[in-house]
Amino acid sequence: MATVQVHHPNSLLLPEESPLERAFERNRSHLKGVGELGPEDYARYDRRTLFYDLALDRSGRRVVGISPPMVNLARELLPLTAEARLDAADDWTKLPVRRRCRARHERWELRLPHGWGEVERVDLRVSFRDGTSLQTEARRPKLRQVFQQWSTLQKDNPHEWIEDWVRYAAHQGAERVVLYDNGSEDYGGMAERCATISADIEVVLVPWAFPYGPPRSRYNCFAQAAQMNHAHRILGACTWQGFLDLDEYPVAPGGLQRLLESQPRWRGLLRMDNYLVPAIEGEVSPGRLPRARDFGHRAIQPRGRGHKCFGRSSGLEQIWNHNGRVRLGSVRGPVPVSRLHFLHFERLTTGWKGARGADRPFDPALHARSTAVQAAFSELEQKASHDAALSATPPFMARTDAP
């Protein structure tokens with residue numbers, strides 16, 4: 001069974017009594033023909049979060065902060081000062097602060113004194129220009145180093161979809177998945193449900209119930225970009241990490257683990273194209289929850305857009321939805337679809353972006369047979385049946401009635 005732990009972000013928000021709030025980074029929509037944003041768009045906009053999380057990084061020598069863009073708040077709150085102490089009896093020590101403005105998020109680095117060595121926790125005090133001072137505690141996540149990890153952001157998806165995705169990740173060689181939850185109604189029981197998943201894998205749950213952003217303006221959607229870089233910077237105790245959605249299943253005909261292991265050390269990012277997986281008439285019975293294993297066809301042509309990535313932790317500088325930036329000395333690049341791609345299942349959606357997609361007739365000019373995901377689940381079920389049979393077989397008993 002899966003093992004489960006929870007990472008609770010150490011968030012800092014503007015006090016309720018504060019008259020300040022974040023304005024839109026841009027007042028326009030990315031959709032053609034749509035006017036400027038109005039007051040109704042603020043309902044899903046993050047107006048109060050200062051830091052999504054403040055935590056010690058994997059080295060235990062720096063505090064890393066992930067935040068939304070400060071936008072107008074920078075004029076009122078910055079520069080900030082940060083102080084730390086190891087124990088309540090110690091004096092506060094001022095820390096050097098480095099702010100890095102990135103695409104739809106900001107990363108902060110607070111370097112601890114060299115003499116402190118690797119620490120597991122520190123008390124932290126952050127003071128802003130307007131006089132606001134907030135005290136908190138930064139901890140070092142207790143994660144073992146693994147080779148392959150996947151992370152995703154989800155909300156209100158059926159547990160069956162989460163279970164399938166986690167089991168498939170384990171089948172592909174992932175030792176850990178990090179599930180960020182964007183405020184699901186049933187989040188309270190998610191840890192218990194994940195613990196019942198029949199897979200030898202570690203599941204890290206992260207409550208990430210921050211406003212996602214107005215759907216008609218991706219320029220003002222910060223939660224997902226921050227989540228991905230949080231997974232890399234704070235919870236990225238891995239060699240390779242896949243940044244995917246629950247309706248996306250990577251396929252490597254030669255084996256994903258083998259492909260990642262074969263990459264030269266200068267390869268910092270693998271960018272993969274995708275095939276849409278439609279719902280062909282007759283594949284799913286009406287009224288039944290569709291699952292990835294139900295669909296046996298994909299589009300003949302890859303999309304050529306909507307790419308996703310696997311990033312090497314040591315070579316990745318930042319990641320965003322469909323691409324990333326690597327560090328000096330590392331190289332990024334696309335992978336041929338013959339070696340690596342992912343299947344994007346149209347019907348595995350709650351419809352939060354609109355229509356879920358209707359069933360369509362099979363068209364040999366548009367659709368090709370694709371059984372990689374079905375074969376993976378068939379192997380998983382066969383293994384489960386074999387393990388169940390072994391556990392039900394009584395152990396060998398030596399005869400005691402021999403003369």
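Colleague: What ground rules apply?
Modeller: Residues are numbered from 1 along each chain as its sequence is written, and side-chain values use heavy atoms, without hydrogens and water. The model is predicted: local features need pLDDT of at least 70, side-chain atom pairs count only at pLDDT 80 or more, and totals for chains, interfaces and linings use all residues.

Colleague: How many helices and strands does the protein have?
Modeller: Both are DSSP runs numbered from the N terminus: helices are H or I of at least four residues, strands are E of at least two. The tally is 6 helices and 25 strands.

Colleague: Why is the protein said to be as compact as a globular protein of its length?
Modeller: The radius of gyration is taken over C-alpha atoms, and the globule rule is 2.2 Å times the number of residues to the power 0.38. For 403 residues the rule gives 22 Å. The protein is close to that, so it is as compact as a globular protein of that length, with a radius of gyration of 24 Å.

Colleague: What percentage of the residues count as buried?
Modeller: Buried means under 20% relative accessible area, exposed over 50%, partly exposed in between (1.4 Å probe, protein chains only). Of the 403 residues, the buried share is 50%.

Colleague: Is helix H4 (223–233) enclosed or open?
Modeller: Its buried residues include Ala223, Met228 and Arg233. In total, 11 of the 11 residues of H4 are buried, so H4 is largely enclosed by the rest of the structure.

Colleague: What volume does the largest cavity have?
Modeller: On a 1 Å grid over the protein atoms alone, a cavity is a set of points where a 1.4 Å probe fits but cannot get out; lining residues have an atom within 4 Å of a point. Grid points are joined across faces, edges and corners, and a volume is the space filled by probe spheres set on the points. The search finds 2 cavities of 30 Å³ or more. The largest holds about 60 Å³.

Colleague: Which elements give two or more residues to the lining of the largest cavity?
Modeller: Among the lining residues are Ser151, Thr152, Leu153, Gln224, Gln227 and Met228. The elements are E12 and helix H4.

Colleague: How many charged residues are in the lining of the second largest cavity?
Modeller: This cavity has a volume of about 40 Å³. Strand E19 (297–299), strand E24 (341–345) and helix H6 (372–392) each supply at least two lining residues. Ala, Val, Leu, Ile, Met, Phe, Trp, Tyr, Cys and Pro count as nonpolar, Asp, Glu, Lys and Arg as charged, the others, Gly among them, as polar. The lining has 7 nonpolar and 2 polar residues, and the charged count is 1.

Colleague: Which residue does the side chain of Asn157 join in a polar contact?
Modeller: Asn157 sits in the loop between strand E12 (146–154) and helix H2 (159–171), buried at 14% relative accessible area. A polar contact is a pair of N or O atoms within 3.5 Å; within protein, one must be able to donate a hydrogen and the other to accept it, and residues adjacent in sequence count only if both atoms are side-chain atoms. At 3.1 Å, the partner is Gln154.

Colleague: Which residue does a cis peptide bond join to Leu78?
Modeller: Most peptide bonds are trans. Here omega is about 5°.

Notes: 1 Å grid on protein atoms, 1.4 Å probe; cavity = no way out; pocket = protein on both sides within 12 Å on 5 of 7 lines; lining within 4 Å.
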